[in-house]
Amino acid sequence: DLLELKPAELCPELPMYLLRDGDDIVELWARTESFFERARSADAKKKRASPLELETGARDSSLHPPYWAVPWVGGQGVARYILDHPEVVRGKTVLDVGSGCGVAALAAARAGASSVC
């Protein structure tokens, strides 16, 4: 209920599941961590703890913030450029690193990149 299928402001032709307007990314983060913690608990009941977990008594329980739910403005700018100038990526391999929710990768795929990572 915190996500909806909607376009990024600068790229209306690329609908994505994004954080609803006015909703808090921290709430989404908390829900995501809670979901994974329940999944880990279910897994823990099925298997024994690893030697590292036994030694330290700790498990890695923190997840990175859900940046995938927010189209960063810089990424939207790159995506807009790619959509307006598809020749810059057509037939090429494109690597999208850190543009927030992969909006530049989606634009590259739509613009005809041969491979998008």
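So, Gln76 is buried, at a relative accessible area of 5%. Keep in mind that what we're looking at is a predicted model. Why call Gln76 buried? Because the cut-off is under 20% relative accessible area, and Gln76 comes in at 5%.

Where does Gln76 sit? You'll find Gln76 in helix 3, which runs over residues 73-84. A polar atom of the Gln76 side chain lies 3.0 Å from the backbone oxygen of Pro71. If we skip the neighbours within four places in sequence, Gln76 touches Ala8, Glu9, Leu10, Cys11, Pro71 and Val103.

Okay, now the helix around that residue. Helix 3 has 12 residues, and from first C-alpha to last it reaches 16 Å, close to the 16 Å expected at 1.5 Å a residue. Which residues of helix 3 are buried? That list is Gly75, Gln76, Ala79, Ile82 and Leu83. They span an arc of only 125° around the axis, so they end up on the same side of helix 3.

Let's hop over to Val94. This one belongs to strand 3, residues 93-94. Val94 counts as buried too, because its relative accessibility is 14% and the limit is under 20%. Again leaving out neighbours within four places in sequence, the contacts of Val94 are Val89, Ala108, Ala113, Ser115, Val116 and Cys117. There's also a distance to note: Val94 and Ala109 are 15 residues apart in sequence, and their C-alphas are 8.6 Å apart in space.

A search of the whole structure turns up 1 aromatic pair. The partners are Phe35 and Phe36, with ring centres 5.4 Å apart and planes at 85°, so the pair is edge-to-face.

Last topic, charges. How many salt bridges does the search of the whole structure find? It finds 6, and I'll go through some of them.

Start with Lys6 and Glu4, whose side chains meet in a salt bridge at 3.9 Å, N to O. Lys6 counts as buried, at 15% relative accessibility, whereas Glu4 is partly exposed, with a relative accessible area of 25%. Glu4 also meets Arg20 in a salt bridge, this time at 3.2 Å, N to O. Glu4 lies in strand 1 and Arg20 in the loop between strand 2 and helix 1 (25-46), so this pair ties together parts that are 16 residues apart in sequence. Arg20 itself is partly exposed, at 33%.

Arg31 pairs with Glu27, and their closest N and O atoms are 2.8 Å apart. The two are 4 residues apart in helix 1, so about one helical turn separates them. Both Arg31, at 38% relative accessibility, and Glu27, at a relative accessible area of 34%, are partly exposed. As for shared partners, salt bridges join Glu4, Lys6 and Arg20 into one network.

Methods. Residues numbered from 1 in each chain as written. Predicted model: local features only at pLDDT ≥ 70, side-chain atom pairs only at ≥ 80, totals over all residues. Heavy atoms only, no water. Buried < 20%, exposed > 50% of the residue type's maximum accessible area, 1.4 Å probe, protein only. Polar contact = N/O pair within 3.5 Å; in protein donor to acceptor, adjacent residues only side chain to side chain. Contact = heavy atoms within 4.5 Å. Expected span 1.5 Å × (residues − 1). Arc of directions from axis to C-beta. Phe/Tyr/Trp six-rings, centres within 6.5 Å; stacked < 30°, edge-to-face > 60°. Salt bridge = Lys/Arg side-chain N within 4 Å of Asp/Glu carboxyl O.
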